Amino acid sequence: MKFRNFKMVDYVVYGRGCFNQLDEIIAPRRKEGKPMIFLVDHFFEGKALLNRIPLRGNDKIVFADVTYEPKTTQVDKLAQQLKDEFGTVSGIIGIGGGSTMDLAKAVSLMMGNPGSSADYQGWDLVKFPGVYKVGIPTLSGTGAEVSRTCVLTGPTRKLGMNSDFTPFDQIVLDPELTANAPINQRFYTGMDCYIHCIESLEGTYLNEFSKSYGEKALELCQEVFVKKQVWDDECDDKLMMASYAGGMSIAYSQVGVAHAVSYGLSYLLGTKHGIGNCIVMNHLEEYYPAGVKEFKYMVEKNQIDIPQGICKGLTDEQFETMINVSIGMKPLWENALGKDWEKIMTREKLRALFEKL
Ligand code: NAD
Ligand code: ZN
């Protein structure tokens, strides 16, 4: 048995309004003449948050277009623009949901590594550290703020740049930034966390490290989506810590069936991570009976729309593509179903599941 030696985020600040400390936090990391780049989710274009960004010298705000999930081409282009304009930069500060945070991690890494980000999709392929990077979530649930990956769609696969250089140097967890996110979006991203917990806690890779974080994250998700009657500040506070703890839980275990199937959807149809997981979770009674029951209750209680019938009319070839992508996620299946998972989740069974979605 080889135990994983897990690289964590270096610094964490948490609390309502802690975003106001950003100027002071990043000051020691500024390099003479080299700007800090604030990569901001395009949702905030024209919003008041921009006036609170501590711009100094030749610092720059760059808006991240997250209409689609991050692509390697998008990362390469952003990094090249910064290299052309500044040579190098003091740091990249990603402010947004999981997509923006992943973009920030990837662009930071590409400021220190040659070639294309597509060359580094996989495990431990990144050779050199990137520039200083900070993650500031404005949606809670993905756990991207603590993970050692940044998920990218490349020319041949959707896979993260998993490495010890990938985690942020600093994260700023300010629940105020997540207030007023649209109800459906908040739910989809929040459910990403809930599903991380179920998949981790029900998985064969479970250990006390993952369990202690997973149980706490699950409890926080339940307080927010099951017990609370009206959304308030406390919900934002709790969900932000649920995301953090859920991320820590899967960092030392693995996700499972919902994620493996959702990756297939996302690859073929471009279905986004949070909503894709929800579409799949809706049909996983066989694997996670208690979790799916509670999930359905939360959908109803929070009056959320989960799309149905998204695989209607797809061709055999398209189903094959999704099955190939999904079945390729071996550690996820092994975690979910055990060493003999291939006997349990056959291609026929997976096809039948996709047809239900
Ligand atoms: P997102 O970042 O894709 O954003 C979804 C939408 O919400 C966008 O339109 C965005 O502009 C908007 N938005 C963001 N903050 C907002 C706010 N405060 N108010 C209103 N709108 C806001 O959504 P997400 O669910 O946070 O992230 C999904 C992404 O995270 C996917 O690309 C997925 O691959 C990635 N992910 C990464 C990891 C990891 O470990 N690195 C884990 C899970 C998911
Ligand atoms: Zn996820």
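How much area is buried between domain 1 and domain 2? About 2,000 Å², and carbon and sulfur atoms give 59% of it. Before going further, note that this is a predicted model.

First, the layout. The domain assignment places domain 1 at 11–178 and domain 2 at 183–356. Taken over C-alpha atoms, the centres of domain 1 and domain 2 are separated by 25 Å.

Now the interface. On the domain 1 side, 23 residues are in contact with 21 residues of domain 2. The rule finds 2 salt bridges across the interface of domain 1 and domain 2. Arginine 16 and aspartate 237 form a salt bridge, with 2.9 Å between the closest N and O atoms. As for polar contacts, 12 residue pairs are counted between domain 1 and domain 2, with both residues at pLDDT 80 or more. On the side of domain 1 that touches domain 2, the elements that give two or more residues are strand 1, at 11–14, and strand 9, at 170–173. By class, that side of domain 1 has 10 nonpolar, 7 polar and 6 charged residues.

Next, the ligand. Ligand 1 is surrounded by 26 residues, and the closest are Asp41, Gly98, Ser99, Ser147 and Thr189. With threonine 138 the ligand atom is a nitrogen, 2.8 Å from an N or O atom in the threonine side chain.

That is what I have on the interface and the ligand.

Terms used: Residues numbered from 1 in each chain as written. Chains lettered and ligands numbered in written order. Predicted model: local features only at pLDDT ≥ 70, side-chain atom pairs only at ≥ 80, totals over all residues. Heavy atoms only, no water. Domains from an automatic or database assignment. Contact = heavy atoms within 4.5 Å. Buried area = accessible area lost by both parts, 1.4 Å probe. Salt bridge = Lys/Arg side-chain N within 4 Å of Asp/Glu carboxyl O. Polar contact = N/O pair within 3.5 Å; in protein donor to acceptor, adjacent residues only side chain to side chain. Helix = DSSP H or I, 4+ residues; strand = E, 2+ residues; numbered from the N terminus. Nonpolar A, V, L, I, M, F, W, Y, C, P; charged D, E, K, R; others polar. Near = heavy atom within 4 Å.
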